[in-house]
Amino acid sequence: MTDETMMADSSRLHTEAGSPRTQPVLQVSGLGKHVPLPGGDLTILEDVGFRIDHGDTVAIVGASGSGKSTLLSLLAGLDVPSVGTVLLDGESLSTMDEDGRARVRGEKVGFVFQSFQLLPSLTALENVMLPLELRGDTDVEGPARQILEKVGLGQRLGHYPRQLSGGEQQRVALARAFVTRPALLFADEPTGNLDTHTGQAIIDLLFALNADTGTTLVLVTHDEHLAERCQRRLRMEAGRLLASEDARA
């Protein structure tokens with residue numbers, strides 16, 4: 001038997017044994033982000049590395065300017081690192097062009113932003129249908145109606161973002177993020193523009209939807225109480241990963 005045949009058989013057996021489920025959904029190695037300035041490079045991230053497994057809930061925490069939002073952008077393929085690699089479900093975002101990264105995001109990733117990011121010219125229903133349409137699904141209205149009912153907006157399907165409260169807009173954003181049942185969901189300060197009571201309701205809904213779909217959740221927040229609801233906390237300071245705290249330990 002040749003070496004090539006042995007390697008192929010080993011790879012096949014590894015796959016048949018279910019390796020895609022043991023492979024981390026995110027693998028980060030030696031990640032750095034540097035911005036050139038006239039006086040020298042500004043280091044935003046330096047030598048960050050960790051893994052996130054399927055189904056994990058992970059909070060990225062740290063003070064303002066610690067690099068957590070930049071890290072999120074790199075994990076999602078919205079930006080590219082200066083050095084290091086990001087593997088998302090086994091695919092290297094670091095070596096892809098923008099079209100390749102957009103394809104991976106469309107297939108596997110959902111987003112929830114602090115500023116909601118709803119399209120003002122579309123109704124709540126149309127905003128939630130949009131990612132299904134972009135993915136090429138044949139049935140887009142049914143799943144969109146169903147998840148809007150689940151987040152308590154079944155009577156607001158035809159309303160535009162300007163006709164909805166902040167909490168209702170974030171519920172639409174949650175419905176849009178989860179309607180594709182993504183493998184990975186990124187949430188960037190999802191309660192930052194909401195009052196405490198409304199923010200708590202949104203977080204309860206976020207974790208309920210996450211548990212229902214089994215999505216891997218990566219959450220950027222400065223709120224320690226919110227971070228404590230996650231299984232793990234990645235603590236950033238001055239662009240470096242200071243600690244990885246596991247609530248399951």
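Okay, let's start with Lys108, which sits in helix 4, residues 98–108. Helices here are DSSP runs of H or I with at least four residues, strands are E runs of at least two, and both are numbered from the N terminus. This is a predicted model, where local features need pLDDT of at least 70 and side-chain atom pairs count only at pLDDT 80 or more, while totals for chains, interfaces and linings use all residues. Residues are numbered from 1 along each chain as its sequence is written, and side-chain values use heavy atoms, with hydrogens and water left out.

So, is Lys108 buried or exposed? It's buried, because its relative accessible area is 15%, and buried means under 20%, exposed means over 50%, and partly exposed is in between, with a 1.4 Å probe and protein chains only. What does Lys108 touch, leaving aside neighbours within four places in sequence? With contact meaning heavy atoms within 4.5 Å, Lys108 meets Leu88, Asp89, Glu91, Pro182, Ala183 and Leu184.

Next, the aromatics. A pair of aromatic rings is described by the distance of the centres and the angle of the planes. For Phe, Tyr and Trp (its six-membered ring), rings pair if their centres lie within 6.5 Å; planes under 30 degrees apart are stacked, over 60 edge-to-face, and the rest tilted. Searching the whole structure that way turns up two aromatic pairs. One is Phe111 with Phe113: the centres are 5.6 Å apart and the planes are at 5 degrees, so that's stacked. The other is Phe111 with Phe186, with centres 5.9 Å apart and planes at 25 degrees, so that pair is stacked as well. Put together, Phe111, Phe113 and Phe186 form one aromatic cluster. On accessibility, Phe186 is buried at 1%, Phe111 counts as buried at 18%, and Phe113 counts as partly exposed at 28%.

On to the helix packing. Helix 5 runs over residues 124–135 and helix 7 over residues 166–178; they pack at about 25 degrees with their axes 8 Å apart. The axes are lines fitted to C-alpha atoms, for helices over the stretch in contact, and the angles run from 0 to 180 degrees between N-to-C directions. Helix 5 and helix 7 are therefore roughly parallel; the rule is under 35 degrees for roughly parallel, over 145 for roughly antiparallel, 65 to 115 for roughly perpendicular, and oblique for the rest. Their crossing is right-handed, as in the near helix being turned clockwise from the far one by less than a right angle, with anticlockwise being left-handed.

Which residues meet there? From helix 5 we have Ala124, Asn127, Val128 and Pro131, and from helix 7 Val172, Ala175 and Arg176. That contact divides into five nonpolar, one polar and one charged, where nonpolar is Ala, Val, Leu, Ile, Met, Phe, Trp, Tyr, Cys and Pro, charged is Asp, Glu, Lys and Arg, and polar is the others, Gly among them.

While we're on helix 5, its buried residues include Ala124, Leu125, Asn127, Val128, Met129 and Leu132. Helix 6 (141–150) and helix 7 are among what covers them.

Helix 7 has another partner, helix 8: the axes come within 10 Å and cross at roughly 15 degrees. So helix 7 and helix 8 are also roughly parallel, and the crossing is right-handed. On the helix 7 side, the residues are Gly167, Gln170, Arg171, Leu174 and Phe178; they meet Thr198, Ala201, Ile202, Leu205, Leu206, Leu209, Asn210 and Thr213 in helix 8. This contact splits into seven nonpolar, five polar and one charged.

Thr191 is in the loop between strand 7 and helix 8 (196–213), and it's buried at 18%. Beyond its neighbours within four places in sequence, Thr191 contacts Gly199 and Ile203.

And two backbone angles for anyone who checks phi. Gln117, in the loop between strand 6 and helix 5, has a positive phi near 60 degrees without being a glycine; it counts as partly exposed at 44%. Ala238 lies in the loop between strand 9 (232–237) and strand 10 (240–246). Its phi is positive too, about 50 degrees, and it isn't a glycine; at 64%, Ala238 counts as exposed.
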